[in-house]
Amino acid sequence: MNINWSAVYAIIIRHLYTWRRDFDRVIDAFWFATTDLIFWGLTSTYLTRFSIGFNLVVVFIGAIIFWTVIQNAQREINMPLLDEAWNRNLINLFTAPISLIEFVIATIILGLLKLITVILLLGSLAYFLYRFNIFDYGWYLLPALVNLTFIGWWVGFFIDGLIFRFGYKIQSFAWAFIFVLYPFSAVLYPVDILPHWAQTIAKLLPSSYIFENMRSVLLSGKFNPIDIQIAVTLNLIYLILSIYFLQLMFKNALANGRLTKLN
Amino acid sequence: MAATRIVEVKNLTKIFTRKSTAFSFLHKKRFTTAVNNISFEIKKGEIVGLLGPNGAGKTTTIQMLMGLITPSTGIIKIFGKNFSENRKEILKKMNFSSSYTHLPWRLTVWENLNVVARLYGIPDPSGKIQQIMKSLNLESKKNDEVAELSSGWTTRLNLARTFINDPEFILLDEPTASLDPEGADEIRKRILRLRHEFKTTVLWTSHNMAEVEEVCDRVIFLTRGRIIAEDTPQGLAKRIRNVRIYLMLQEGRNKLAEIAAPYDGIVGYSGRFVTIEISETKIPQLLNSFSRSKIKYSEISIDKPTLEDYFLSVAKEKQT
């Protein structure tokens, strides 16, 4: 595949220019995560008074930071596409010598830039407010962050595909859809407290393995490498399927003239 | 030597499948033929107008030429290469401007041009931006956000965007639609100057027939997805055989209708002014009859048919 890196760079600077001026494009990455961190940090600090046998603050703060990774990774895949559509710039964009894959690569790089900034901010905030050190995860931090980012990406690609298919009607999915995964991902509780049918769904989600092992690492310092392998495998399958779905929906949008209607 | 063909369109057809609801699998599919088996060519350096009433298939044709809509059948060759197989290579050498698309409104003029220059992989983006801004007198607006620009300045910026990659072929979709007559005239002149400077081939759509007559070498006329005529603007206008004669009558109003009738003249009155539509060849006879019948008039003007008349006659046919 021949990637035009100049076009990728063009998309990146186009959105960096917007971020510099559009406060909402920056604040949405930090605002909810920060308020969640403060709210759950205080709640878990209070609940710890009832001596429940383990450090609830660590588990909750860890979960909030990890969930933020998924949420941000996903939203930052969708926002550039929606932003181009809101600016009625999609026609200008796709009549330039750029492919869908190059656009997607640019959104991934943009998303990573914002994600790193958000993790650094939340990590610092968690340390100063609750003495939670993100590096307490040890080596687990690396596979966890990679897997969580992958989850955000495939959900993002799937939503991009739906936007090409259904247009503005489903733009709220960019913010809301990820929460469908939330109860099954065992973010704040173990998978075994879910009803049996929900446990089956949880087992199909790589996020449940990551959050289960996160608790294990924070409470006992151990994680199960088999679980990580399962998460990686599931993520790769979903990534391939979501990219295929996105390309199919884009082709479909070109065949049905929907791309121009989205403009 | 025959001029180089920049665009070759052969048997191009676009059929849209329309489904009305999310549960469309429950409904019968509806098919709409937007473009029906059209073929045309555009030679190097030509300005070709693509005209037709609303729903004629102009926009769909243009969008297929830009790769925004996939044709159902047919072949599009641009610069001698099949578009579907060489999309990126072809798009690098062409560009597009429409009054219906926008540029990111929070970006400044310079930032927008910088993004576009990088999209097209221009070797010296800053130098090229400088050159194109100078050419369109955009320098004073360099640091203004698009949201702050008037429609005239926005059109200029759109043009700068369109010519930034020195395109060999451009598609202009109603480029002056949002401008007042003075602004439109200025932009037309600038396009023609830029076209001359960059030796660009142009496909131009517009609803302003005077504009098309002024700028286009040739016109392709579409109706209901089919090409119904292809000629110079003057050639199309000549297909309308009737001319309009305007008279300011002094005497003989009652006789006038009687005299005009045998010539199949259509007469309309507005106070002392009379309009007669008649075949151009019958004018001398008609005027002779007027003088014999002592019909007196103080002013006379004869309007030859224009492209607009042709457009209106086709639109009228479409309605009936």
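**Close-up 1. Helices α3(B) and α4(B) cross in a right-handed sense.** The model shown here and in the other views is predicted. Helix α4 of chain B covers residues 125-135, and its axis lies 10 Å from that of α3(B), at a packing angle of about 125 degrees. That angle makes the two helices oblique to each other. On the α3(B) side, the residues that meet α4(B) are B:Trp110, B:Leu113, B:Asn114, B:Ala117 and B:Arg118. They face B:Pro125, B:Lys128, B:Ile129 and B:Ile132 of α4(B). By residue type, the contact of α3(B) with α4(B) holds six nonpolar, one polar and two charged residues.

**Close-up 2. Helix α3(B) also packs against a helix of chain A, α1(A), which spans residues 5-21.** The axes of α1(A) and α3(B) are 7 Å apart, and the angle between them is about 160 degrees. Angles over 145 degrees count as roughly antiparallel, and α1(A) and α3(B) are therefore described in that way. Their crossing is left-handed. Chain A contributes A:Ser6, A:Ala7, A:Tyr9, A:Ala10, A:Ile13, A:Arg14 and A:Tyr17 to this contact. From α3(B) come B:Glu111, B:Asn114, B:Val115, B:Arg118 and B:Leu119. Seven of the residues in the contact of α1(A) with α3(B) are nonpolar, two are polar and three are charged. B:Asn114 and B:Arg118 take part here and also in the contact of α3(B) with α4(B).

**Close-up 3. The side of chain B that touches chain A.** In the whole contact between the chains, 26 residues of chain B meet 29 residues of chain A. Three elements of chain B each give two or more residues to its side: β1 (5-18), α2 (87-91) and α3 (109-119). Which of these elements gives the largest share? It is α3(B), with five residues. The chain B side as a whole is made up of 13 nonpolar, eight polar and five charged residues.

**Close-up 4. A four-stranded open sheet of chain B, with antiparallel pairing.** The strands follow the order β2-β1-β4-β5. At the edges stand β2 (30-43) and β5 (81-82), each of which pairs on one side only. Strand β4 (73-78) is joined to β5(B) by two bridges, and these strands run antiparallel. B:Lys77 has B:Asn82 of β5(B) opposite. Helix α1 of chain B, residues 58-65, lies across β1, β2 and β4 and runs at about 65 degrees to β2(B).

**Close-up 5. A six-stranded open sheet of chain B, with mixed pairing.** Here the strand order is β6-β7-β8-β3-β9-β10. The edge strands β6 (94-98) and β10 (226-231) have a single partner strand each, so one side of each is left without a neighbour in the sheet. From one strand to the next, the twist averages 15 degrees. Within this sheet, β7 (169-173) and β8 (201-205) pair in the parallel sense over five bridges. B:Ile170 has B:Val202 as its bridge partner in β8(B).

**Close-up 6. Helix α5(B), residues 151-163, lies across β6 and β7 of chain B.** The helix runs at about 165 degrees to β6(B). It also packs with α6(B), residues 181-198, at an angle of about 15 degrees and with the axes 11 Å apart. The helices α5(B) and α6(B) are therefore roughly parallel to each other, and their crossing is right-handed. B:Gly152, B:Thr155, B:Leu159 and B:Phe163 form the α5(B) side of the contact. The α6(B) side consists of B:Gly183, B:Ile187, B:Arg190, B:Ile191, B:Leu194 and B:Phe198. Together the residues of the contact of α5(B) with α6(B) divide into six nonpolar, three polar and one charged.

**Close-up 7. Strand β11(B), residues 242-251, and two strands with which it pairs, β13(B) and β14(B).** Seven bridges join β11(B) to β13(B), residues 273-279, and the two strands run antiparallel. B:Arg244 stands opposite B:Glu277 of β13(B). The pairing of β11(B) with β14(B), residues 296-303, is likewise antiparallel and also has seven bridges. In that pair, B:Tyr246 has B:Ser301 as its bridge partner. The domain assignment of chain B gives domain 1 as 5-17 + 32-237 and domain 2 as 241-304. The centres of the two domains, taken over C-alpha atoms, are 44 Å apart.

Conventions: Residues numbered from 1 in each chain as written. Chains lettered and ligands numbered in written order. Predicted model: local features only at pLDDT ≥ 70, side-chain atom pairs only at ≥ 80, totals over all residues. Contact = placed C-beta atoms within 7 Å. Nonpolar A, V, L, I, M, F, W, Y, C, P; charged D, E, K, R; others polar. Domains from an automatic or database assignment. Axes fitted to C-alpha atoms, helices over the stretch in contact; angles between N-to-C directions. Parallel < 35°, antiparallel > 145°, perpendicular 65-115°, else oblique. Left-handed = near helix turned anticlockwise from the far one by under 90°. Pairing = 2+ DSSP bridges.
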